[in-house]
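Subject: Structure handover

Hello,

Here is the structure I promised to pass on. Please open it first, then read my notes below.

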Amino acid sequence: MKLRTFIDRPILACVISVLILMLGLISLFNLPMEQYPDIAPPTVMVSTSYTGANAETVQKSVIVPLEEAINGVENMTYMTSTSTNNGSGSITVYFKQGTDPDMATINTKNRVSEAEGLLPAEVTKVGVTVEKRQNSTLKILTLYSPDNSYDQTFINNYFKINIEPRLSRITGVGNVNVMGGDYAMRIWLNPQVMAQYSLVPDDVISALGDQNVEAATGTLGEDSENTYQYTLKYRGRYETSEEFGNIVIKSLANGEVLRLKDIAKVELGAQSYAYNSEINGHPGATCMVSQTAGSNANEIIQEIDKLTEEISKELPKGLVLSDLMSTKDFLDASIHEVVKTLIEAILLVILVVYVFLQSVRSTIIPAVSIIVSLIGTFAFLYLAGFSLNLLTLFALVLVIGTVVDDAIVVVEAVQAKFDEGERSPYKATTGAMDGIAAAIVTTSLVFMAVFIPSSFMGGTSGTFYMQFGLTMAVAVGISAINALTLSPALCALIMTPHIDTTTGQKLSFSTRFHHAFEASFNRLILRYKNGVKWFFRRKWVVGTALVASMALLAVLMKTTKTGLVPDEDMGCIFMNVTTPPGSSLSQTIKAMSEVENSIKDIPQIMSYSNVSGYSMMGGQAPSGGMLIIRLKPWEERPEKKDEINAVIAEIYKRTANIKSAKLFVFAQPTITLSGSAGWTNSGGAAIANPGAWLLQAVGSLVQPLFNRGQNIANLKIAKAQQQEALLAFKQSLLDAGQEVNNALTQWQTARERIRLENEQVKHLETTVSDTRLLMKYGTINYLQVLTARQSLLSAQLNLASDRYNEIQGVINLYHALGGGC
C-alpha cells in the first residue's frame, strides 16, 4: 500500500486514528493506577506457633526443619526467618522478579508439607500457615474510644468481627491485618493450690479436652417401632467463665469434687498480652489494608472510604473509625500535578506550533497528532501490563515535544510546496510526502532505538527505565504512523496556501500574521548569522566555553546528590522505640508514654498510633515499640518549618532528654524496595507488615547518600573502628597472659593503652569534625554524625578507664616492691 492511498482515501486514515483512540480510551479506564511501578519481588510467608517455647526452641525445633525443606524451591532467591520468645516463628521466602506469586505459594506449601512430620506435635496441631505476601499497603485504619468507654480487647474483637470481613470483600483488597488479639478464655493457674492436690498443667489440659468438646451425639429411636425418634443435642463447648470454672478436674477421697475455679482464676481476656495499642492516647486497634498485584489503588481506596463512611454510622457510641494513613492522598496530589503539567505542555506546544505555522488550519494537524499518539499509548500500557503511574505519565509529558515533530514536518513540507508556487493542496501534499516519508520513518526508528534497549535492563532501576523508555518509544511510533496516514490526509483536506499580496485580494488575519512573523523572524535569523560569524573570528572563545562546560559538568556530576527517586513528603512518619534488653512490657509502655507526651503537642501532627511490644528493628519483643504519625494535610503545612524533615528534627529535639529508650525516626518511603516483612501474633497469624517500611526506610536513607562525601566519612569512621578493634585484640592478648605477668607488666601495658587511646581520640575528633562539615553541605545525614560522636565518646571513656588502670598498676607495683607491708 502506497502513502498516496491515505491521501486519496482520507476516511481510511481517519478510521485508523479513531481505532487507535478507541483502544486507548478503553485501556485508559482499565489501567491500574499507582504511584510507582511495583518493583518488590514476590514473597511467601510461612508462619506457625509453638505455645510456651522460647525463641531458641522455636528456631531449633520448628524453623530449621522448615528452612531445610523450603530451601531450593523453584525460582527462590533467598529467605529470612524470625522467632520470638512468645513461641511464634515465621519464614519469609523471596522469589525472582516476575515469578507468579500463586505458583510460588503452592510450591512452598508442598515443601512445607514434607517437613510437617518433623515438627513437634503442638505445632502440627496448631498448623503451619503459608500465604503470599502483599507488598503495597494502601491504608491504615484506626478504631478507638475517645472517651475510654471501651477497652482494647473489646475494640480489637469488634474490629475483627464487624469490620475486617467487610473490608476483605472489597475487590482488589489483598490482606486486612489487625494489630490485636481475639477474645480468649484465660485460665490463670495457682501453683500452690495445684501442688496441694498433686496436679500438673497437663491434668487441666486433659480435663478441658474431655469436657469442653463438640460431639456428635446421634439419635434415639432410629429403625425401631417407637412412636417418636429423637435427635440428641449436646451442650457443646463452654462460653462463659462460670461454665469453665465448673469443669471437674478431680474427685477427692472424701467424695468432694475439685473444680477448675478452685485451682485457677478463670476470666474472659485477650488471646495475647504481648503488646499494647493506643490511638491518640486512647485504647484502640490499628488495621493495615494492602492491595493485590495489578489492582487499581485509587478505586480500592474509594471503595474503602465508602465502606468506612457506612461503618462509622453503625458504630456503638464511644467508638471512632478514622484514617491514619492513606496513599490516595499523595497519589491524588501527584497525579493531579502530572496531569496538569501534561495539559499545560499540550497547550504550550499547540501555541508554539501556531506561532511558527501562522495558520489555525495547519495547527489543527499537529494538535490531532498529539492527542492520537498520547491516547493510543495507553493501549500499549494495558497490553504490556504496565500501570498508570508517575513514570509513565512523566514520559508522556516529555514525549509531547517529540510526537508533534512528525506532524510538523509534514505540515512544513506541504507549506514549502505552497511557498514554491503550488496552489493545489492535493498536489502539494503528494509532492511533499514523496520527499519526507523515508525521513519520518528513519527519525522515528532512531528515536525508538534509543529507548527500547532500556527494556532489557534488570533489577530495580531496570523496571523503572523499562516503563519510562517503552512508553516514550511507543508514543513516537504511533506518531510516525499518524504522520504517514492521518496528517497527509488532513493536509490535503484543510490546508490552503497564504494569499499573495500581489493579487490585490483582502488579506486574512493568518496571512497578515504570517508576513509579520516572517519579517521579524528573518531579522532574528540575520542577527544569529552575525553572531555565528563573530564566533568564527574568535574560535578561542568557543573552545574555552566548551572546556569550561565540560569541567562544570564533571564537578556537578560528582557533587550532585544521586538517588533512585526523589524523597517526597508522604505525610506520614514512623518511629521505632527500643528499651534496654530484658525490659518488661510495662516498662516499654512507660517509655512509649514518655515519648508520646513529648511529641503529642507538635502542631504539625494530626493523629498517631502507639504500639508497645513490637519494634520495627527487633520484631516481637516486650522491649520494643513503634509510633505511626500522620501529619496534617499539605495545604495546612505551607511553611518550611512544616516540612516533614523539619518535623522529624523537632521530634528528635523534644525526645533528646529521654534516656529510657533509643529512638529512630524516619519518613514514609516513596517506593517499596523489597518484599514486605510481617508481624505475627501468638497464634502465628500475620497482623501487620511494617517490616517492609523499615526496608523501604533504610533504602530511602541509603540511596541519596551514594556520593563521594559520604564514602569519605564512612571510610574515616571505619578506620577508627578498625583501630578500636585492633586495640581490643591487643588487649585480649594481654589479658590472656595477665595471670603470669607481674605488676610491672600491668603498669607498662596501661601506659601503652593510654598512648593508643590518645591517638584514637585525636583521630575520632577529626572524624567528627569532618562529618559535621559533610552534614552542613547535605552530603550525609545526622544519623552518621551521631555514629561518629558515639565512637568518640566510647574512645574517651576507654581512655579514662585506662588512666585508672595505670594508677592501679602503680599501686600494685608499689605493693609488689614491698611498699605498704
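Start at Phe380. This residue is partly exposed, with a relative accessible area of 24%. Bear in mind that the model is a predicted one.

Phe380 has a partner. Together with Phe386 it makes an edge-to-face aromatic pair. The ring centres are 5.9 Å apart, and the planes stand at 85 degrees. Phe386 is buried, at 7% relative accessibility.

Next, look at Phe574 and Phe666. Their ring centres lie 5.8 Å apart, with 40 degrees between the planes, so this pair counts as tilted. Where do Phe574 and Phe666 sit in the secondary structure? Phe574 is in strand β16 (residues 572-578), and Phe666 is in strand β19 (residues 662-667). The pair therefore ties together parts that are 92 residues apart in sequence. Both Phe574 and Phe666 are buried.

The search of the whole structure gave ten aromatic pairs. There is also an aromatic cluster, made up of Tyr150, Phe154 and Tyr158.

Now the surface. Leu220, Tyr228, Tyr230 and Leu232 form a nonpolar patch there. Their accessible area together is about 440 Å². One of them, Leu220, belongs to strand β8 (residues 219-220). Leu220 counts as partly exposed, at 45% relative accessibility.

Then the cysteines. How many disulfides does a search of the whole structure find? The count is zero. For reference, a disulfide is a covalent bond between the sulfur atoms of two cysteines. Two cysteines to look up are Cys287 and Cys491. Cys287 is buried, at 0% relative accessibility. Cys491 is buried too, at 0%.

Last, the overall picture:

- The protein chain has 821 residues, and 46% of them count as buried.
- Its secondary structure comprises 25 helices and 21 strands.
- Among contacts in the chain with a separation of 6 or more, 76% are between residues 24 or more positions apart.
- The accessible surface of the chain is about 42700 Å², and carbon and sulfur atoms hold 58% of it.

Best wishes

Key. Residues are numbered from 1 along each chain as its sequence is written. This is a predicted model: local features need pLDDT of at least 70, side-chain atom pairs count only at pLDDT 80 or more; totals for chains, interfaces and linings use all residues. Side-chain values use heavy atoms; hydrogens and water are left out. Patches are made of residues with over 30% relative accessible area and no salt bridge: like charges are joined within 9 Å, nonpolar side chains (Val, Leu, Ile, Met, Phe, Trp, Tyr) within 5 Å. Accessible areas come from the Shrake-Rupley method with a 1.4 Å probe; for residues, only the protein chains shown count as cover. A salt bridge is a side-chain nitrogen of Lys or Arg within 4 Å of a carboxyl oxygen of Asp or Glu. Helices (H or I, at least four residues) and strands (E, at least two) are DSSP runs, numbered from the N terminus. Buried means under 20% relative accessible area, exposed over 50%, partly exposed in between (1.4 Å probe, protein chains only). Contact means heavy atoms within 4.5 Å. Rings of Phe, Tyr and Trp (its six-membered ring) pair if their centres lie within 6.5 Å; planes under 30 degrees apart count as stacked, over 60 as edge-to-face and the rest as tilted. A disulfide is a pair of cysteine sulfur atoms within 2.5 Å.
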